[in-house]
Amino acid sequence: TETPTATATPTGTPTPTPTPVTAGGIDGQVTYADTGEAIEGAELSSAGQILATTNSQGAYAIQDVPAGTYPLTATNDDFIPLTQNVTVTAGETTMANFEMEEIVCDVAVSIQTSPSDEMTIARDEKGTVTVAVLGENECPVGGVRVKASISDTDVVKIENRSATTDANGLAAFVVKGKAKGSAKVTFKEKTDNQKTKLDVTVTKK
């Protein structure tokens, strides 16, 4: 009696397991709320990390974002920062548009000088002091009058006792040394009464 030969059972081709999609994307546009104009150069960030910057059409796109809900913030130097919570779904792109309000900087909250605190010049020589008038978030306040006063006019002379800030919030004063000694120069912004002091020392030539 012959022994029957075993027949091999054919093995099927294994089906690959698809990799699950766990990320999505965010895109949208950043515009000026008052006019609808695109804002170029706005930065989109979350948790302190910049994720995208808008192009000339105000558009941005963020890819490979893990599914979840995130606070997304749009910032630009000329506009008030704006944040919204964005929910990202795996395999999908979420639309998130921002309409930003322009920063209106017309109230002074601080005044600074450059050089700050101290200045040394020789007798009969001149130096320039630049005064910066700043509002909230250190925005420049233009078109305000700044007046300078001196504690000892025998030591120091200021050639222009008042000046108006330009569009960058800056005003320049020319200081001249008259005699060896020291004096305090006070710069006062007239509209909101902000002021700062500068110690000026005059030396011999």
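Val21 lies in the segment before strand 1 (23-32), where helices (H or I, at least four residues) and strands (E, at least two) are DSSP runs numbered from the N terminus. This is a predicted model, in which local features need pLDDT of at least 70 and side-chain atom pairs count only at pLDDT 80 or more, while totals for chains, interfaces and linings use all residues. Residues are numbered from 1 along each chain as its sequence is written, and side-chain values use heavy atoms, with hydrogens and water left out.

**Val21 and its surroundings**

- Val21 is exposed, with a relative accessible area of 57%; buried means under 20%, exposed over 50%, and partly exposed in between (1.4 Å probe, protein chains only).
- Beyond its neighbours within four places in sequence, Val21 is in contact with Ala90 and Gly91, contact meaning heavy atoms within 4.5 Å.
- From Val21 to Ala59 there are 38 residues in sequence and 25 Å in space, C-alpha to C-alpha.

**The disulfide**

- The chain has 1 disulfide, defined as a pair of cysteine sulfur atoms within 2.5 Å.
- Cys105 and Cys139 form this link, with 1.8 Å from S to S.
- The link of Cys105 and Cys139 is right-handed, with 80° about the S-S bond.
- Distant parts of the chain are joined here: Cys105 sits in the loop between strand 8 (98-100) and strand 9 (110-114), and Cys139 in the loop between strand 11 (126-134) and strand 12 (145-150), 34 residues apart.
- Cys139 counts as buried because its relative accessibility is 11%.

**Fold and overall form**

- Look for strands as you turn the model: the chain has 17 of them and 0 helices.
- The radius of gyration of the chain is 32 Å, whereas a compact globule of 205 residues would have one near 17 Å; the value is taken over C-alpha atoms, and the globule rule is 2.2 Å times the number of residues to the power 0.38.
- The C-alpha trace spans about 135 × 45 × 25 Å along its principal axes.
- Of contacts between residues at least 6 apart in sequence, 57% join residues at least 24 apart.

**Surface and charge**

- Among the 205 residues of the chain, 33% count as buried.
- The accessible surface comes to about 12,700 Å², and 46% of this belongs to carbon and sulfur atoms; areas come from the Shrake-Rupley method with a 1.4 Å probe, and for residues only the protein chains shown count as cover.
- The chain carries 16 positive and 27 negative charges, whose mean positions are 30 Å apart. Lys and Arg count as positive and Asp and Glu as negative, leaving out His and the chain ends, and each charge is placed at NZ of Lys, CZ of Arg, CG of Asp or CD of Glu.
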